[in-house]
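Please open the model in your viewer and keep the selection tool at hand. The tour below goes from stop to stop, saying what to select and what is there.

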Amino acid sequence: MDNNNAVNAFAALAQGTRLDAFRLLVTHEPDGLPAGEIARLLGVPHNTMSTHLATLQRAGLITAERQSRSIVYRVSLDSLRDVVTFLLKDCCAGHPDLCAPLIADLVPCCTPKEKAHA
C-alpha cells in the first residue's frame, strides 16, 4: 500500500458513520450485510448510508455484491490487512520485542468463534 491509498482509506474512515459501518461489517464477516440492514442497525437513513458505503467502496475498504434484490456489503479483508500492515510494517525500528504487546492485542480478536450446536 502506498501513501495515497493509505490516505484514501483513512479519509474514508475519518467520519463517524462510515467508521461505524466499517466496524459493523467487520463483525459480520464472512457473510456481510445488506445495505438496508446496515442503515437500520446504525439508525441512518438509507440514502445517507448508500453515500457512506459508496465512499468506503471507492477507498477499496468494502465490496458490494448484488444478491437478488439486495446489495450485500462485505469488508475487503485484504485491504484491512494492507492498512494495518502499512501502519505497522516499520514498527519499533527493527525491535520486534517492543511490538510484541501490540501484536498480542490483535491476536484475541481473530480467534474463531464456536458455533452453537442446536
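Predicted model: local features only at pLDDT ≥ 70, side-chain atom pairs only at ≥ 80, totals over all residues.

Begin by selecting Arg66, which is found in strand β2, residues 62–67; strands here are DSSP runs of E with at least two residues, helices are DSSP runs of H or I with at least four, and both are numbered from the N terminus. Arg66 is exposed, with a relative accessible area of 56%, where exposed means over 50% relative accessible area, buried means under 20%, and partly exposed lies in between, computed with a 1.4 Å probe and with protein chains only.

Residues are numbered from 1 along each chain as its sequence is written, and side-chain values use heavy atoms, with hydrogens and water left out.

Now follow the chain onward to Ser68, whose place is in the loop between β2 and β3. Phi of Ser68 is near 60°, which is a positive value in a residue other than glycine. At 67% relative accessibility, Ser68 counts as exposed.

Next, show the whole chain as a cartoon. The protein has six helices and three strands, and read along the sequence they follow the pattern α-α-β-α-α-β-β-α-α. Along its principal axes the C-alpha trace spans about 50 × 45 × 25 Å. Of the 118 residues in the protein, buried residues make up 25%.

Select helix α1 (residues 3–13) together with helix α5 (residues 77–88), which pack at an angle of about 115° with their axes 11 Å apart. The axes are lines fitted to C-alpha atoms, for helices over the stretch in contact, and the angles run from 0 to 180 degrees between N-to-C directions. That makes α1 roughly perpendicular to α5, since angles of 65 to 115 degrees count as roughly perpendicular, those under 35 as roughly parallel, those over 145 as roughly antiparallel and the rest as oblique. Which residues meet where α1 and α5 are in contact? Asn3, Ala6, Ala9 and Phe10 in α1 meet Val83, Phe86 and Leu87 in α5, contact meaning heavy atoms within 4.5 Å. By class, the contact of α1 with α5 has six nonpolar, one polar and no charged residues; Ala, Val, Leu, Ile, Met, Phe, Trp, Tyr, Cys and Pro count as nonpolar, Asp, Glu, Lys and Arg as charged, and the others, Gly among them, as polar.

While α1 is still selected, pick out Asn4, which is found in this helix. At 55% relative accessibility, Asn4 counts as exposed. Asn4 and Arg40 are 36 residues apart in sequence and 32 Å apart in space, C-alpha to C-alpha.

Move on to α2 and α3, which pack at an angle of about 115° with their axes 11 Å apart. Here Thr17, Asp20, Ala21, Leu24 and Leu25 in α2 meet Ile38, Leu41 and Leu42 in α3. By class, this contact has six nonpolar, one polar and one charged residues.

Thr17, Arg18, Ala21, Phe22 and Leu25 in α2 meet Met49, His52, Leu53, Thr55 and Leu56 in α4.

Beyond α2, select Pro30, which lies in the loop between α2 and β1 (33–34). The peptide bond from Glu29 to Pro30 is cis, with omega near 10°.

Finish in the interior. In soluble globular proteins, nonpolar side chains tend to be buried together. The largest nonpolar core here has 20 residues, and those with the most contacts inside it are Leu25, Ile38, Leu53, Leu56 and Leu61; such a core is a set of buried Ala, Val, Leu, Ile, Met, Phe, Trp, Tyr and Cys residues joined through side-chain atoms within 4.5 Å. The elements that give two or more residues to this core are α1, α2 (16–27), α3 (35–42), α4 (46–58) and β3 (70–75), and α2 gives the most, with four residues. Last, select Ile38, which touches Ala21, Leu24, Leu25, Leu33, Met49, Leu53 and Tyr73, not counting residues up to four places away in sequence.
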